[in-house]
Amino acid sequence: MTTEHTPTAPLARRTLGSAAHGTDLEVSALGLGCMGMSEFYGTPDEQGGIETIHRALDLGVTFFDTADMYGPFTNERLVGRALAGRRDEVVLATKFGNKRGEDGARLGIDGSPDYVRQACDASLDRLGVEHIDLYYQHRVDPTVPIEETVGAMAELVAAGKVRRIGLSEASPETIRRAHATHPVTALQTEYSLFTRDLEDEILPTLRELGIGLVPYSPLGRGMLTGALPEPGQGDSRTSAYFPRFQGEARETNLALVERVREIAQTKGCTPGQLALAWVLAQGDDVAPIPGTKRVRYLEENLAATAVTLTDDDLQALERAVPRDAVAGDRYGDMSTIDG
């Protein structure tokens, strides 16, 4: 018997950041990543995306994540339309720094102060809002000192355009330097049963500084659900850019998913729900943002909040998926990840 429906209890809340630093931000325990509604994971589905966002609102989700580069630019517009009239109910997060052209061309990473200001104004316009609740630097620009980038972000806070600031895929050193320039509320980075390297240095740094963690791809880009895209579906996960989905690595990783499935059966839930419950169990300062453009997957994901894991369950999962057992890098090109 699997937990297919959303829990009837109100969706729990978690706090990112620190009241001591004035960076605290209350969000729903699970947020919604909106990227796949517009690009990367198969055919874009604007109507499905809007319906999913509306259902998420009705079920108590308050934390919505987008970025200017998704689409490019179209995802912010979609999210803005979907949230129109309900802006006060939500924490709206978006990101800058991965530059793209209108034609989709990738133009590199830009953390220059002028670009920070331009990108923010453009995002506000596309979203149709007066402020962004949580504004992330999407990738760290190695050519611009982080103090300059965060200094410009701090100016946006002072101007009322941004309420809180965040980083994505930043190293411990970068996090410390950024936080010393202006208090950081959250780090968004990949974290799941399949990606745990941040536990060594990044997570301890966040907790020392009072910074929350927002895991993206908490389902291993969907692999931990066991449902994988097939070639020809226009899904970027079938490309060499995602090595974990290719050849022998794919088979190795699917064998690990099968171990997760076996444990999930004993818990009366799906493997995806178990994987999300594992992320949620890593701390009250952790608020994952699984993405979907389908209402039924949203509901299935939210039901993970009703899955309670014991210490024995957590140990069983870590035995089933040892950190070094996952095959393949996260990306085919890891050069944009701050080291």
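How many nonpolar, polar and charged residues does the lining of the second largest cavity have, by class? The answer is 5 nonpolar, 3 polar and no charged residues, where Ala, Val, Leu, Ile, Met, Phe, Trp, Tyr, Cys and Pro count as nonpolar, Asp, Glu, Lys and Arg as charged, and the others, Gly among them, as polar. Keep in mind that this is a predicted model, in which local features need pLDDT of at least 70 and side-chain atom pairs count only at pLDDT 80 or more, while totals for chains, interfaces and linings use all residues. Residues are numbered from 1 along each chain as its sequence is written, and side-chain values use heavy atoms, with hydrogens and water left out.

**Cavities**

- The structure holds 2 cavities of 30 Å³ or more. On a 1 Å grid over the protein atoms alone, a cavity is a set of points where a 1.4 Å probe fits but cannot get out; a pocket is an open set with protein on both sides within 12 Å along at least five of seven lines; and lining residues have an atom within 4 Å of a point.
- The largest cavity comes to about 50 Å³, a volume being the space filled by probe spheres set on the grid points, which are joined across faces, edges and corners.
- Its lining has 3 nonpolar, 1 polar and 5 charged residues, and includes Glu190, Arg221, Arg244, Asp329 and Arg330.
- The second largest cavity holds about 40 Å³ of space. Leu30, Gly31, Leu32, Pro290, Thr292, Leu298, Asn301 and Leu302 line it.
- H9 gives the most to that lining, with 3 residues; helices (H or I, at least four residues) and strands (E, at least two) are DSSP runs, numbered from the N terminus.

**A closer look at threonine 292**

- This residue, one of those lining the second largest cavity, sits in the loop between helix H8 (271-280) and helix H9 (295-302).
- Threonine 292 counts as buried at 11% relative accessibility. Buried means under 20% relative accessible area, exposed over 50%, and partly exposed in between (1.4 Å probe, protein chains only).
- Its side chain reaches the backbone nitrogen of arginine 294 at 3.1 Å.
- Setting aside neighbours within four places in sequence, threonine 292 is in contact (heavy atoms within 4.5 Å) with Leu32, Gly33, Met37, Thr52, Tyr297 and Leu298.

**The second largest pocket**

- This pocket has a volume of about 230 Å³.
- Its lining is made up of 16 residues, with Pro172, Asp197, Leu198, Ile202 and Asp338 nearest the centre.
- Sorted by class, that lining has 5 nonpolar, 4 polar and 7 charged residues.

- Glycine 71 and proline 72 are joined by a cis peptide bond, with omega about -5°. Proline 72 is in the loop between strand S4 (63-65) and helix H2 (74-83).
- Glutamate 169 isn't a glycine, yet its phi is positive, near 55°. You'll find glutamate 169 in the loop between strand S9 (162-168) and helix H5 (172-181), buried at 4% relative accessible area.
- Serine 217 also has a positive phi, about 50°, without being a glycine. Serine 217 lies in the loop between strand S11 (212-216) and helix H7 (247-267), and is buried at 14%.

**Cysteines**

- The disulfide count is 0, taking a disulfide as a pair of cysteine sulfur atoms within 2.5 Å.
- Cysteine 34 is in no disulfide, and the nearest cysteine sulfur, that of cysteine 120, is 18 Å away.
- Both are buried: cysteine 34 has a relative accessible area of 1%, and cysteine 120 one of 0%.

Conventions. A polar contact is a pair of N or O atoms within 3.5 Å; within protein, one must be able to donate a hydrogen and the other to accept it, and residues adjacent in sequence count only if both atoms are side-chain atoms.
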